Amino acid sequence: MKNARSGRRSTNPALYIHLPFCLQKCNYCDFVSYPGQTATAMRAYCRAVSREIELLAATYRPGAAATIFLGGGTPSLLPGGELAALLEQAATVFGLLSGAEISLEANPGTVDAAKYRLLLAAGVNRLSLGVQSFADDLLQAMGRAYRRQEVYRAYRLARQAGFANINIDLIFGLPGQTMAAWQATLTETIALEPEHVAAYSLQLEPGTPWGDLAADGALPLPDEELVLAMYQEAREQLVGAGYDHYEISNFARPGYQCRHNLSYWHNLPYFGVGAAAASYWQDCRWQNHSSLEQYSAALAAGELPVAERETLSLRLQMAETMFMGLRLLAGINLATFLERFGTDARVIYAAELEWLFSQGLVEIKGGHLKLTERGLPLANEVFRQFV
Ligand code: SF4
(Lines give C-alpha, C1' and ligand atoms only; values in the text may rest on other atoms or scores of the structure.)
Protein backbone atom coordinates (compact mmCIF):
# COMPACT_ATOMS: atom_id res chain seq x y z
CA MET A 1 0.00 0.00 0.00
CA LYS A 2 1.47 3.35 -0.95
CA ASN A 3 0.73 6.85 0.12
CA ALA A 4 1.16 8.90 -3.04
CA ARG A 5 1.30 12.30 -1.33
CA SER A 6 4.20 11.37 0.93
CA GLY A 7 5.95 8.92 -1.37
CA ARG A 8 5.73 6.31 1.40
CA ARG A 9 5.70 2.62 0.65
CA SER A 10 5.24 -0.05 3.26
CA THR A 11 7.60 -2.36 1.41
CA ASN A 12 9.53 -5.00 3.30
CA PRO A 13 12.80 -3.26 4.09
CA ALA A 14 16.33 -4.21 3.16
CA LEU A 15 18.56 -4.65 6.21
CA TYR A 16 22.23 -3.68 6.12
CA ILE A 17 24.60 -4.67 8.94
CA HIS A 18 27.88 -2.75 8.98
CA LEU A 19 30.94 -4.56 10.34
CA PRO A 20 33.72 -1.97 10.25
CA PHE A 21 36.82 -4.06 10.83
CA CYS A 22 39.72 -4.67 8.45
CA LEU A 23 43.14 -6.27 8.57
CA GLN A 24 44.72 -3.05 7.32
CA LYS A 25 43.59 0.15 5.67
CA CYS A 26 43.70 0.23 1.86
CA ASN A 27 45.33 3.30 0.32
CA TYR A 28 42.16 4.56 -1.37
CA CYS A 29 39.62 3.68 1.30
CA ASP A 30 37.45 6.27 2.99
CA PHE A 31 34.83 3.81 4.28
CA VAL A 32 34.26 3.72 8.01
CA SER A 33 36.52 0.81 8.92
CA TYR A 34 38.93 0.26 11.77
CA PRO A 35 42.01 -1.92 11.24
CA GLY A 36 43.80 -3.74 14.01
CA GLN A 37 40.91 -4.26 16.47
CA THR A 38 41.12 -7.06 19.02
CA ALA A 39 38.79 -10.07 19.03
CA THR A 40 37.33 -8.76 22.30
CA ALA A 41 36.53 -5.39 20.73
CA MET A 42 34.87 -7.07 17.75
CA ARG A 43 32.75 -9.26 20.02
CA ALA A 44 31.70 -6.25 22.09
CA TYR A 45 30.72 -4.47 18.87
CA CYS A 46 28.56 -7.40 17.81
CA ARG A 47 26.73 -7.23 21.17
CA ALA A 48 26.07 -3.53 20.51
CA VAL A 49 24.77 -4.29 17.00
CA SER A 50 22.54 -6.93 18.50
CA ARG A 51 21.06 -4.35 20.90
CA GLU A 52 20.53 -1.94 18.01
CA ILE A 53 18.63 -4.57 16.01
CA GLU A 54 16.27 -5.11 18.95
CA LEU A 55 15.79 -1.42 19.61
CA LEU A 56 15.23 -0.61 15.95
CA ALA A 57 12.63 -3.32 15.47
CA ALA A 58 10.81 -2.30 18.68
CA THR A 59 10.82 1.36 17.64
CA TYR A 60 9.72 1.07 13.99
CA ARG A 61 8.03 -2.33 13.82
CA PRO A 62 8.99 -2.81 10.16
CA GLY A 63 7.85 -5.74 8.05
CA ALA A 64 10.04 -8.79 7.59
CA ALA A 65 13.36 -8.04 5.91
CA ALA A 66 13.45 -8.78 2.19
CA THR A 67 17.26 -8.94 2.10
CA ILE A 68 20.13 -8.79 4.58
CA PHE A 69 23.58 -7.57 3.63
CA LEU A 70 26.54 -8.02 5.97
CA GLY A 71 28.97 -5.39 4.69
CA GLY A 72 32.01 -3.53 5.84
CA GLY A 73 34.77 -3.28 6.42
CA THR A 74 35.62 -6.92 6.12
CA PRO A 75 32.78 -8.90 7.72
CA SER A 76 34.58 -12.17 7.01
CA LEU A 77 37.21 -11.09 9.53
CA LEU A 78 34.74 -11.74 12.35
CA PRO A 79 34.32 -15.21 13.83
CA GLY A 80 31.67 -17.15 11.90
CA GLY A 81 29.75 -17.76 15.14
CA GLU A 82 29.36 -14.01 15.76
CA LEU A 83 28.05 -13.46 12.23
CA ALA A 84 25.67 -16.40 12.50
CA ALA A 85 24.33 -15.09 15.83
CA LEU A 86 23.67 -11.64 14.34
CA LEU A 87 21.84 -13.17 11.39
CA GLU A 88 19.75 -15.39 13.60
CA GLN A 89 18.81 -12.46 15.79
CA ALA A 90 17.94 -10.23 12.83
CA ALA A 91 15.78 -12.98 11.34
CA THR A 92 14.00 -13.53 14.65
CA VAL A 93 13.46 -9.90 15.60
CA PHE A 94 12.78 -8.41 12.16
CA GLY A 95 11.46 -11.51 10.49
CA LEU A 96 12.74 -12.61 7.11
CA LEU A 97 10.79 -13.10 3.89
CA SER A 98 10.97 -16.62 2.58
CA GLY A 99 13.73 -16.88 -0.04
CA ALA A 100 15.39 -13.71 1.22
CA GLU A 101 18.78 -12.88 -0.23
CA ILE A 102 21.45 -12.86 2.49
CA SER A 103 24.81 -11.50 1.34
CA LEU A 104 28.16 -11.40 3.06
CA GLU A 105 31.20 -9.42 1.98
CA ALA A 106 34.45 -11.34 2.32
CA ASN A 107 38.05 -10.64 1.48
CA PRO A 108 40.46 -13.33 0.31
CA GLY A 109 42.73 -14.34 3.14
CA THR A 110 40.02 -14.06 5.81
CA VAL A 111 37.97 -17.15 4.96
CA ASP A 112 38.36 -20.91 5.23
CA ALA A 113 36.18 -23.96 4.57
CA ALA A 114 34.85 -24.17 8.14
CA LYS A 115 33.78 -20.51 8.20
CA TYR A 116 32.09 -20.85 4.82
CA ARG A 117 30.14 -23.92 6.00
CA LEU A 118 29.06 -22.14 9.17
CA LEU A 119 27.89 -19.10 7.20
CA LEU A 120 25.96 -21.22 4.71
CA ALA A 121 24.29 -23.04 7.59
CA ALA A 122 23.39 -19.64 9.09
CA GLY A 123 21.54 -18.74 5.89
CA VAL A 124 24.09 -16.72 3.92
CA ASN A 125 23.28 -17.47 0.28
CA ARG A 126 25.31 -14.85 -1.57
CA LEU A 127 29.04 -14.25 -1.20
CA SER A 128 30.61 -11.01 -2.37
CA LEU A 129 34.37 -11.38 -2.72
CA GLY A 130 36.41 -8.18 -2.63
CA VAL A 131 38.98 -9.20 -5.23
CA GLN A 132 39.64 -5.82 -6.92
CA SER A 133 42.49 -7.13 -9.13
CA PHE A 134 44.36 -10.29 -10.05
CA ALA A 135 47.67 -8.43 -10.45
CA ASP A 136 49.90 -8.85 -7.40
CA ASP A 137 51.76 -5.58 -7.97
CA LEU A 138 48.46 -3.66 -8.03
CA LEU A 139 47.10 -5.50 -4.98
CA GLN A 140 50.27 -4.59 -3.12
CA ALA A 141 50.12 -0.96 -4.24
CA MET A 142 46.46 -0.73 -3.14
CA GLY A 143 47.40 -1.98 0.32
CA ARG A 144 45.28 -5.12 -0.01
CA ALA A 145 46.26 -7.80 2.50
CA TYR A 146 46.20 -10.79 0.09
CA ARG A 147 47.60 -11.82 -3.28
CA ARG A 148 46.26 -13.47 -6.42
CA GLN A 149 46.72 -17.06 -5.21
CA GLU A 150 44.59 -16.33 -2.15
CA VAL A 151 41.81 -15.09 -4.45
CA TYR A 152 41.78 -18.46 -6.17
CA ARG A 153 41.82 -20.30 -2.85
CA ALA A 154 38.97 -18.21 -1.41
CA TYR A 155 36.89 -18.73 -4.54
CA ARG A 156 37.56 -22.48 -4.81
CA LEU A 157 36.74 -23.09 -1.16
CA ALA A 158 33.52 -21.11 -1.50
CA ARG A 159 32.35 -23.23 -4.41
CA GLN A 160 33.38 -26.44 -2.62
CA ALA A 161 31.46 -25.36 0.48
CA GLY A 162 28.36 -24.84 -1.64
CA PHE A 163 28.01 -21.14 -2.46
CA ALA A 164 25.98 -20.96 -5.66
CA ASN A 165 25.80 -17.17 -5.89
CA ILE A 166 29.15 -15.39 -5.86
CA ASN A 167 29.98 -11.80 -6.75
CA ILE A 168 33.46 -10.57 -7.58
CA ASP A 169 34.26 -6.89 -6.96
CA LEU A 170 36.81 -5.25 -9.25
CA ILE A 171 38.39 -1.80 -9.49
CA PHE A 172 39.86 -0.23 -12.62
CA GLY A 173 41.69 3.02 -13.30
CA LEU A 174 44.34 2.15 -10.72
CA PRO A 175 47.68 3.98 -10.62
CA GLY A 176 50.06 2.31 -13.06
CA GLN A 177 47.35 -0.02 -14.40
CA THR A 178 47.64 -0.73 -18.11
CA MET A 179 44.84 -1.84 -20.40
CA ALA A 180 46.60 -5.21 -20.73
CA ALA A 181 46.58 -5.66 -16.93
CA TRP A 182 42.87 -4.80 -16.79
CA GLN A 183 42.07 -7.17 -19.64
CA ALA A 184 43.93 -9.94 -17.83
CA THR A 185 41.93 -9.31 -14.62
CA LEU A 186 38.66 -9.43 -16.59
CA THR A 187 39.72 -12.63 -18.33
CA GLU A 188 40.63 -14.31 -15.05
CA THR A 189 37.38 -13.15 -13.46
CA ILE A 190 35.25 -14.52 -16.30
CA ALA A 191 37.16 -17.82 -16.25
CA LEU A 192 36.02 -18.33 -12.64
CA GLU A 193 32.37 -18.02 -13.77
CA PRO A 194 30.99 -15.97 -10.87
CA GLU A 195 27.25 -15.22 -11.01
CA HIS A 196 27.84 -11.49 -10.58
CA VAL A 197 30.62 -8.97 -11.23
CA ALA A 198 30.85 -5.37 -9.98
CA ALA A 199 33.44 -3.20 -11.73
CA TYR A 200 33.97 0.29 -10.33
CA SER A 201 36.43 2.95 -11.42
CA LEU A 202 38.79 4.11 -8.68
CA GLN A 203 37.37 7.02 -6.70
CA LEU A 204 39.93 9.15 -4.91
CA GLU A 205 38.84 10.81 -1.70
CA PRO A 206 40.67 13.56 0.19
CA GLY A 207 42.31 12.39 3.38
CA THR A 208 43.25 8.97 2.00
CA PRO A 209 46.91 8.26 1.13
CA TRP A 210 46.12 8.04 -2.59
CA GLY A 211 43.75 11.01 -2.48
CA ASP A 212 46.50 13.16 -0.97
CA LEU A 213 49.15 11.92 -3.42
CA ALA A 214 46.81 12.62 -6.35
CA ALA A 215 46.18 16.14 -5.05
CA ASP A 216 49.96 16.67 -5.14
CA GLY A 217 50.11 15.27 -8.68
CA ALA A 218 52.25 12.40 -7.40
CA LEU A 219 50.05 9.43 -8.34
CA PRO A 220 50.56 7.89 -11.82
CA LEU A 221 46.86 7.69 -12.69
CA PRO A 222 45.71 6.52 -16.12
CA ASP A 223 44.20 9.39 -18.11
CA GLU A 224 40.44 9.82 -18.50
CA GLU A 225 40.39 8.32 -21.98
CA LEU A 226 42.09 5.16 -20.81
CA VAL A 227 39.73 4.84 -17.83
CA LEU A 228 36.76 5.19 -20.17
CA ALA A 229 38.29 2.58 -22.50
CA MET A 230 38.68 0.25 -19.50
CA TYR A 231 35.00 0.69 -18.69
CA GLN A 232 34.04 -0.14 -22.27
CA GLU A 233 36.38 -3.14 -22.18
CA ALA A 234 34.61 -4.43 -19.05
CA ARG A 235 31.25 -4.04 -20.76
CA GLU A 236 32.40 -5.82 -23.90
CA GLN A 237 34.10 -8.71 -22.14
CA LEU A 238 31.38 -9.29 -19.55
CA VAL A 239 28.42 -8.88 -21.89
CA GLY A 240 30.25 -11.05 -24.42
CA ALA A 241 30.56 -13.72 -21.73
CA GLY A 242 26.80 -13.72 -21.13
CA TYR A 243 26.45 -11.24 -18.27
CA ASP A 244 23.57 -8.79 -18.25
CA HIS A 245 24.83 -5.24 -17.76
CA TYR A 246 22.00 -4.11 -15.47
CA GLU A 247 23.49 -1.19 -13.55
CA ILE A 248 26.24 1.26 -14.48
CA SER A 249 28.88 -0.80 -12.65
CA ASN A 250 27.14 -4.15 -12.16
CA PHE A 251 26.80 -7.27 -14.31
CA ALA A 252 24.87 -10.44 -13.54
CA ARG A 253 24.00 -13.80 -14.95
CA PRO A 254 20.23 -13.99 -15.61
CA GLY A 255 18.41 -14.20 -12.27
CA TYR A 256 21.42 -13.09 -10.19
CA GLN A 257 21.00 -9.32 -9.93
CA CYS A 258 21.79 -8.17 -6.40
CA ARG A 259 18.34 -7.77 -4.83
CA HIS A 260 19.68 -5.85 -1.85
CA ASN A 261 21.35 -3.20 -4.01
CA LEU A 262 18.27 -3.06 -6.26
CA SER A 263 16.40 -1.76 -3.20
CA TYR A 264 18.80 1.20 -3.06
CA TRP A 265 18.59 1.85 -6.79
CA HIS A 266 14.80 1.75 -6.60
CA ASN A 267 15.02 4.11 -3.62
CA LEU A 268 13.06 1.74 -1.40
CA PRO A 269 13.19 1.68 2.43
CA TYR A 270 16.16 0.19 4.21
CA PHE A 271 17.52 -0.06 7.71
CA GLY A 272 21.23 0.10 8.42
CA VAL A 273 22.62 -1.08 11.74
CA GLY A 274 26.17 -0.65 12.96
CA ALA A 275 28.56 2.28 13.19
CA ALA A 276 28.02 4.87 10.42
CA ALA A 277 25.16 2.89 8.88
CA ALA A 278 22.32 4.86 7.27
CA SER A 279 18.58 4.13 7.23
CA TYR A 280 15.72 5.38 5.05
CA TRP A 281 12.28 4.73 6.43
CA GLN A 282 9.08 6.52 5.54
CA ASP A 283 10.09 10.18 5.05
CA CYS A 284 13.21 10.06 7.22
CA ARG A 285 16.84 9.31 6.72
CA TRP A 286 19.32 9.00 9.54
CA GLN A 287 22.92 8.03 10.04
CA ASN A 288 24.55 6.37 13.03
CA HIS A 289 27.62 7.55 14.91
CA SER A 290 30.83 6.58 13.12
CA SER A 291 32.93 6.36 16.25
CA LEU A 292 32.80 2.94 17.86
CA GLU A 293 32.80 4.52 21.32
CA GLN A 294 29.85 6.85 20.63
CA TYR A 295 27.99 4.08 18.86
CA SER A 296 28.36 1.63 21.73
CA ALA A 297 27.78 4.25 24.45
CA ALA A 298 24.40 5.25 22.98
CA LEU A 299 23.25 1.64 22.88
CA ALA A 300 24.54 0.96 26.40
CA ALA A 301 22.30 3.86 27.48
CA GLY A 302 19.33 2.22 25.73
CA GLU A 303 19.21 4.75 22.89
CA LEU A 304 19.42 4.38 19.13
CA PRO A 305 22.94 5.53 18.11
CA VAL A 306 21.74 8.20 15.67
CA ALA A 307 24.16 11.03 14.85
CA GLU A 308 22.06 12.86 12.23
CA ARG A 309 18.47 12.68 11.14
CA GLU A 310 16.67 14.52 8.36
CA THR A 311 13.13 14.57 7.08
CA LEU A 312 13.14 14.25 3.31
CA SER A 313 10.86 16.52 1.34
CA LEU A 314 8.76 14.92 -1.35
CA ARG A 315 10.80 16.83 -3.93
CA LEU A 316 14.05 15.36 -2.61
CA GLN A 317 12.62 11.82 -2.56
CA MET A 318 11.57 12.27 -6.18
CA ALA A 319 15.02 13.59 -7.15
CA GLU A 320 16.73 10.68 -5.42
CA THR A 321 14.38 8.23 -7.12
CA MET A 322 15.37 9.78 -10.45
CA PHE A 323 19.11 9.67 -10.13
CA MET A 324 19.27 6.34 -8.33
CA GLY A 325 16.88 4.76 -10.83
CA LEU A 326 18.81 6.07 -13.81
CA ARG A 327 21.79 4.02 -12.63
CA LEU A 328 19.82 0.98 -13.79
CA LEU A 329 20.07 0.22 -17.48
CA ALA A 330 16.37 -0.66 -17.47
CA GLY A 331 15.80 2.88 -16.20
CA ILE A 332 12.86 4.29 -14.27
CA ASN A 333 9.40 2.87 -14.72
CA LEU A 334 7.40 6.05 -15.28
CA ALA A 335 4.11 4.42 -14.24
CA THR A 336 5.66 3.28 -10.94
CA PHE A 337 6.98 6.79 -10.32
CA LEU A 338 3.51 8.23 -10.96
CA GLU A 339 1.89 5.69 -8.66
CA ARG A 340 4.39 6.36 -5.88
CA PHE A 341 4.47 10.16 -5.98
CA GLY A 342 1.18 11.07 -7.65
CA THR A 343 3.17 13.13 -10.17
CA ASP A 344 4.42 12.39 -13.66
CA ALA A 345 8.23 12.60 -13.78
CA ARG A 346 7.94 14.04 -17.31
CA VAL A 347 5.92 16.97 -15.95
CA ILE A 348 7.88 17.75 -12.79
CA TYR A 349 11.23 17.45 -14.57
CA ALA A 350 10.07 18.86 -17.93
CA ALA A 351 12.90 21.40 -18.27
CA GLU A 352 15.65 19.01 -17.15
CA LEU A 353 14.40 16.24 -19.42
CA GLU A 354 14.06 18.55 -22.40
CA TRP A 355 17.78 19.41 -22.08
CA LEU A 356 18.78 15.77 -21.52
CA PHE A 357 16.75 14.63 -24.56
CA SER A 358 18.31 17.40 -26.68
CA GLN A 359 21.79 16.21 -25.69
CA GLY A 360 20.89 12.60 -26.48
CA LEU A 361 21.70 11.51 -22.91
CA VAL A 362 18.37 9.90 -21.97
CA GLU A 363 15.47 8.30 -23.82
CA ILE A 364 12.06 6.79 -23.10
CA LYS A 365 11.49 3.23 -24.24
CA GLY A 366 8.64 0.94 -23.24
CA GLY A 367 7.49 3.35 -20.52
CA HIS A 368 10.97 3.55 -18.97
CA LEU A 369 13.18 6.62 -18.80
CA LYS A 370 16.78 5.52 -19.20
CA LEU A 371 20.30 6.54 -20.10
CA THR A 372 21.25 6.25 -23.75
CA GLU A 373 24.47 4.63 -24.90
CA ARG A 374 25.90 8.16 -25.09
CA GLY A 375 24.55 9.01 -21.61
CA LEU A 376 26.03 5.96 -19.89
CA PRO A 377 29.62 7.23 -19.54
CA LEU A 378 28.25 10.73 -18.79
CA ALA A 379 25.89 9.52 -16.08
CA ASN A 380 27.18 11.94 -13.43
CA GLU A 381 26.32 14.84 -15.70
CA VAL A 382 22.79 13.42 -16.06
CA PHE A 383 22.37 12.93 -12.29
CA ARG A 384 23.39 16.54 -11.61
CA GLN A 385 20.25 17.70 -13.40
CA PHE A 386 18.10 16.30 -10.60
CA VAL A 387 20.06 17.51 -7.57
S1 SF4 B 1 39.18 -3.92 2.87
FE2 SF4 B 1 37.58 -2.55 2.07
S3 SF4 B 1 36.75 -1.46 3.85
FE4 SF4 B 1 38.70 -2.42 4.47
S5 SF4 B 1 40.21 -0.83 4.21
FE6 SF4 B 1 40.21 -2.01 2.30
S7 SF4 B 1 38.71 -0.97 0.97
FE8 SF4 B 1 38.41 -0.20 3.06
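Two strands are taken to pair if DSSP finds at least two bridges between them, and helices (H or I, at least four residues) and strands (E, at least two) are DSSP runs, numbered from the N terminus. The model shown is a predicted one, in which local features need pLDDT of at least 70 and side-chain atom pairs count only at pLDDT 80 or more, while totals for chains, interfaces and linings use all residues. Residues are numbered from 1 along each chain as its sequence is written.

View 1. The protein chain is divided into domain 1 (2–265) and domain 2 (314–384), with bounds that come from an automatic or database domain assignment, and the C-alpha centres of the two domains lie 27 Å apart. The secondary structure of the chain comes to 15 helices and 19 strands. The radius of gyration of the chain is 21 Å, close to the 21 Å that the globule rule gives for 387 residues, so the chain is as compact as a globular protein of that length; this radius is taken over C-alpha atoms, and the rule is 2.2 Å times the number of residues to the power 0.38. Of the 387 residues, 41% count as buried, where a residue is buried if 20 or more other C-beta atoms lie within 10 Å of its own, exposed if 12 or fewer, and partly exposed in between, with C-beta atoms placed from the backbone.

View 2. The residues around the ligand include Cys22, Lys25, Cys26, Cys29, Phe31, Gly72, Gly73 and Asn107, a residue being counted as near if its C-beta atom, placed from the backbone, lies within 6 Å of the molecule. By class, this shell has four nonpolar, six polar and one charged residues, with Ala, Val, Leu, Ile, Met, Phe, Trp, Tyr, Cys and Pro counted as nonpolar, Asp, Glu, Lys and Arg as charged, and the others, Gly among them, as polar. A cis peptide bond with omega of about 15° joins Gly72 and Gly73, and Gly73 is found in the loop between strand E6 (65–72) and helix H2 (80–93).

**View 3. The hairpin of E14 and E15.** Strand E14 (residues 278–281) and strand E15 (residues 284–288) run antiparallel and are joined by four bridges, with Trp281 having Cys284 as its bridge partner in E15. Two residues lie between the strands of this hairpin, and Gln282 takes a positive phi near 50°.

**View 4. The open sheet of E17, E19 and E18.** Three strands form this open sheet in the order E17-E19-E18, and their pairing is antiparallel. Strand E17 (332–333) and E18 stand at the edges, each with a single partner strand, so one side of each is left without a neighbour in the sheet. Ile332 stands opposite Leu369 in E19, whereas the bridge partner of Val362 in E19 is Leu371. E18 and E19 form a hairpin with two residues between them, and Gly366 in the turn has a positive phi of about 55°.

**View 5. Two loop residues with positive phi.** Glu193, which is not a glycine, has a positive phi of about 60° and belongs to the loop between helix H6 (179–192) and strand E10 (196–201). Glu193 counts as exposed because it has 12 C-beta neighbours inside 10 Å. Asn267 has a positive phi near 55° in the loop between helix H9 (259–265) and strand E13 (270–273), and Asn267 is buried, with 22 other C-beta atoms within 10 Å.
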